[in-house]
Amino acid sequence: MATITLRLSAKTDKQTNQHEILMRFRHGKVDQYAKTNVFVHPDHWSNDTKSIKIPNARLLTDEKKQLINELHKKIDRLNEITSLVQSSFQAIDKSNVAKDWLKSLIDGFNFPTATDGEQSQHSFFDVYEHYIDTHKFSDHRRKQNRVIWRTLKRYEIFKGLSFTFENITADTLRDFEKFLADEHKLVDQKKYQKVLTAVPETRTPQPRGKNTINDFMIRLRSFYIWANENDYTTTNPFKHFTIAECVYGTPYYITIEERNQLYNFDFSDNPDLARQRDIFVFQCLIGCRVSDLWAMTKSNLVNGAIEYIPRKTKEGRAITVRVPLNAIATEIVERYKDFDKVKLFKLTTQQQYNRDIKTMFRLSGLTRIVTVINPTTREEEQRPICDIASSHLARRCFVGNLYKKVKDPNLIGKLSGHKEGSRAFSRYREIDEETSRELVTMLE
């Protein structure tokens, strides 16, 4: 009797900490292993049952729902592979089983090849999924690509198409770009509700700005480049499609005086907000992205400094950022040193953190008007800084105020984790009003 068993590979993907599930097939003298191209974190694997386990969750957050949904998809995928292996073995000559039979069978299932001059209609999404699972992405980039995959799938269903590499053209990309801009308007249509049910998102599609749409297209173009380099296709509709330039306004940030105003404000009647304020000020003093802040532990404290590898740089050549802690940052770390043996701070969700930042700004009087670019309309508008404050404002506070003092992008880039020559960093080089006055007085 044939037996099929699963186990986790010992090899860990350094970017996702996931392991690939391996399949073993045994029947008489036949004993073969193969990779399934299904990856899972060890926390979601049962060594007892040799299967994916679904976590128990009393409170189903959007993130938990998405995780559980993805785990169920992986279980379904494994079941499909198992069923295929069983039916295939029943049909073949058991006295002459090829040495690579199992591997070839599963690879053919995961990555269908062209037959009779036509590529399988499912291969585009299968290959894209393989790209997402195996490419060296940060967690954030992997999630972005999964959103693009799902959006493409909804577009395919809504338009009544059947995507292959060959039938996606520059015109398809232009129409998909329009779909990205209009998807939020479709959610009330009965026809589209069925599409959204078939390929759900963690939240209802919201209006997308041009920069967001451009980012979608850039990620999709990267997939096509990879697919060509790995011989999955020879087509590339982006050869005849131009992605527009992203438009950014001058970065706004709080001054050192405003940061200190926030830090010295009395939040004793709201301890939770006081803690969030301390975390925000600490972020202002080390300049990291919120994803890196959320990943930090006491082990990142090294000889009076914070050391970490920015998640964004892990996709390429990883760099270690070391930021010495000044007196205020040290004071904040000391304040919470006994909170936990591992964690630096008691963290909420990033969404709650952003909501609390707006509240603390408003209560502490940080309400000055700033000029920003509306991401959807691309028009200038004036808004109170408390209404648009978020965790990224802490990073801007760090970079903007250092640039005022030093004006050396390479030196500041080493502390902020920006790559040398980063286009994003160049936006911080706007001449501030104080410097403008200094220049004008030179003409007197």
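Which residue in strand 7 does L301 stand opposite? In this predicted model, the residue opposite L301 is I306 of strand 7.

Three strands, in the order 6-7-8, make up an open sheet with antiparallel pairing. Strand 6 (301–302) and strand 8 (321–324) are the edge strands; each has a single partner strand, so one side of each has no neighbour in the sheet. Strand 6 and strand 7 (residues 305–308) run antiparallel and are joined by two bridges.

**Pocket and cavity**

The second largest pocket holds about 850 Å³ of space. Its lining comprises 33 residues, and those nearest the centre of the pocket are E70, K73, K74, E129 and W149. Strand 3 (30–40), helix 1 (62–91), helix 3 (123–134) and helix 4 (139–159) each contribute at least two lining residues. Helix 1 gives the largest share of this lining, with ten residues. By residue class, the lining of the second largest pocket contains 15 charged, nine polar and nine nonpolar residues.

One cavity of 30 Å³ or more is present in the structure. The space in the largest cavity amounts to about 50 Å³. Its lining is formed by F124, L152, Y155, F163, I168, T172, L173, F176, L220 and Y224. Helix 4, helix 5 (170–186) and helix 7 (210–229) are the elements that provide two or more of these residues. The largest share, three residues, belongs to helix 5. Nine residues of the cavity lining are nonpolar and one is polar, while none is charged.

In soluble globular proteins, nonpolar side chains tend to be buried together. The largest nonpolar core of this model has 49 residues, of which F280, F282, F361 and L393 touch the most other members. Helix 9 (residues 271–286) supplies the largest share of this core, nine residues. Beyond its neighbours within four places in sequence, L393 makes contact with Y252, Y253, I254, F280, F361 and I385. Another core, of 37 residues, lies apart from the largest one and includes F124, F158, F165 and F176.

Are S88 and L366 buried or exposed? The table gives the relative accessibility of each.

| Residue | Relative accessibility | State |
|---|---|---|
| S88 | 15% | buried |
| L366 | 2% | buried |

S88 belongs to helix 1. Its relative accessibility is 15%, and a residue under 20% is classed as buried, so S88 falls in that class. With neighbours within four places in sequence left aside, S88 is in contact with W101 and L105.

L366 sits in the loop between helix 12 (350–363) and strand 9 (369–373). Because its relative accessible area is 2%, L366 counts as buried as well.

Notes. Residues are numbered from 1 along each chain as its sequence is written. This is a predicted model: local features need pLDDT of at least 70, side-chain atom pairs count only at pLDDT 80 or more; totals for chains, interfaces and linings use all residues. Side-chain values use heavy atoms; hydrogens and water are left out. On a 1 Å grid over the protein atoms alone, a cavity is a set of points where a 1.4 Å probe fits but cannot get out, and a pocket is an open set with protein on both sides within 12 Å along at least five of seven lines; lining residues have an atom within 4 Å of a point. Grid points are joined across faces, edges and corners, and a volume is the space filled by probe spheres set on the points. Helices (H or I, at least four residues) and strands (E, at least two) are DSSP runs, numbered from the N terminus. Ala, Val, Leu, Ile, Met, Phe, Trp, Tyr, Cys and Pro count as nonpolar, Asp, Glu, Lys and Arg as charged, and the others, Gly among them, as polar. Two strands pair if DSSP finds at least two bridges between them. A nonpolar core is a set of buried Ala, Val, Leu, Ile, Met, Phe, Trp, Tyr and Cys residues joined through side-chain atoms within 4.5 Å. Buried means under 20% relative accessible area, exposed over 50%, partly exposed in between (1.4 Å probe, protein chains only). Contact means heavy atoms within 4.5 Å.
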